[in-house]
Amino acid sequence: MAVVSKKIMDKAVQKWGKSAQILTLLEEMSELQKELLKNINRNKDNLDAVIDETADVEIMLAQMKYIYQIDNAVRERIPLKLEKVKRRLED
Ligand SMILES: [Mg+2]
């Protein structure tokens with residue numbers, strides 16, 4: 001099951017539009033990046049913010065996959081990518 005229901009994603013796209021939803025994904029990824037940098041570079045105790053921004057990114061990633069209709073294609077690609085990781089681990 002998707003992270004976000006189709007009903008909510010449909011409403012969001014109708015209300016804000018596809019481009020705005022993609023831009024929001026980029027914004028949320030940037031916010032997560034910022035919190036991870038604070039955590040690692042400045043040893044900041046910000047796990048709650050990392051959790052918050054990870055949830056935001058997952059929600060917007062679900063919407064981006066819905067907009068491009070690539071959810072199944074991504075799901076099918078993951079095992080191939082993991083196979084590459086596995087091969088690199090065995091080198
Ligand atoms: Mg956020």
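Biologist: Is Ile-70 buried, partly exposed or exposed?
Modeller: Ile-70 counts as partly exposed, because it has 13 C-beta neighbours inside 10 Å. The cut-offs are that a residue is buried if 20 or more other C-beta atoms lie within 10 Å of its own, exposed if 12 or fewer, and partly exposed in between, with C-beta atoms placed from the backbone. Please keep in mind that this is a predicted model, where local features need pLDDT of at least 70 and side-chain atom pairs count only at pLDDT 80 or more, while totals for chains, interfaces and linings use all residues. Residues are numbered from 1 along each chain as its sequence is written.

Biologist: Where is Ile-70, and how far is Asp-45 from it in space?
Modeller: Ile-70 sits in the loop between helix 3 and helix 4, where helices (H or I, at least four residues) and strands (E, at least two) are DSSP runs numbered from the N terminus. Asp-45 is 25 residues from Ile-70 in sequence, and their C-alpha atoms are 36 Å apart in space.

Biologist: What is the phi of Gln-69, in that loop?
Modeller: Gln-69, which is found in the loop between helix 3 and helix 4 (71-90), has a positive phi near 55 degrees although the residue is not glycine. Most residues other than glycine have a negative phi.

Biologist: And which residue after helix 2 has a positive phi?
Modeller: That is Asn-43, which follows helix 2 with a phi near 50 degrees and is found in the loop between helix 2 and helix 3 (47-68).

Biologist: Why do Asn-43 and Gln-69 count as exposed?
Modeller: Asn-43 counts as exposed because it has 8 C-beta neighbours inside 10 Å, and Gln-69 counts as exposed because it also has 8 of them inside 10 Å.

Biologist: Switching to helix 3, which of its residues are buried, and what do they pack against?
Modeller: The buried residues in helix 3 are Glu-53, Met-60, Gln-63, Lys-65 and Tyr-66, and they pack against helix 1 (6-16), helix 2 and helix 4.

Biologist: How far do helix 2 and helix 3 reach?
Modeller: Helix 2 (residues 18-41) has 24 residues and reaches 34 Å from its first C-alpha to its last, close to the expected 34 Å, the expected span being 1.5 Å times one less than the number of residues. Helix 3, with 22 residues, reaches 31 Å between its first and last C-alpha, close to the expected 32 Å.

Biologist: What about Val-13: where is it and what is it in contact with?
Modeller: Val-13 lies in helix 1 and, leaving aside neighbours within four places in sequence, is in contact with Lys-18, Gln-21 and Ile-67; a contact requires the C-beta atoms of two residues, placed from the backbone, to lie within 7 Å. Val-13 counts as partly exposed, because it has 15 C-beta neighbours inside 10 Å. Arg-87 is 74 residues from Val-13 in sequence and 39 Å from it in space, C-alpha to C-alpha.

Biologist: Zooming out, how many helices and strands does the protein chain have, and is it spread out or compact?
Modeller: The protein chain has four helices and zero strands, in the pattern α-α-α-α along the sequence. Its radius of gyration is 16 Å, well over the 12 Å that the globule rule gives for 91 residues, so the protein chain is more spread out than a compact globule. That radius is taken over C-alpha atoms, and the globule rule is 2.2 Å times the number of residues to the power 0.38. The C-alpha trace spans about 45 × 35 × 20 Å along its principal axes.

Biologist: What share of the residues is buried?
Modeller: Of the 91 residues of the protein chain, 9% count as buried.
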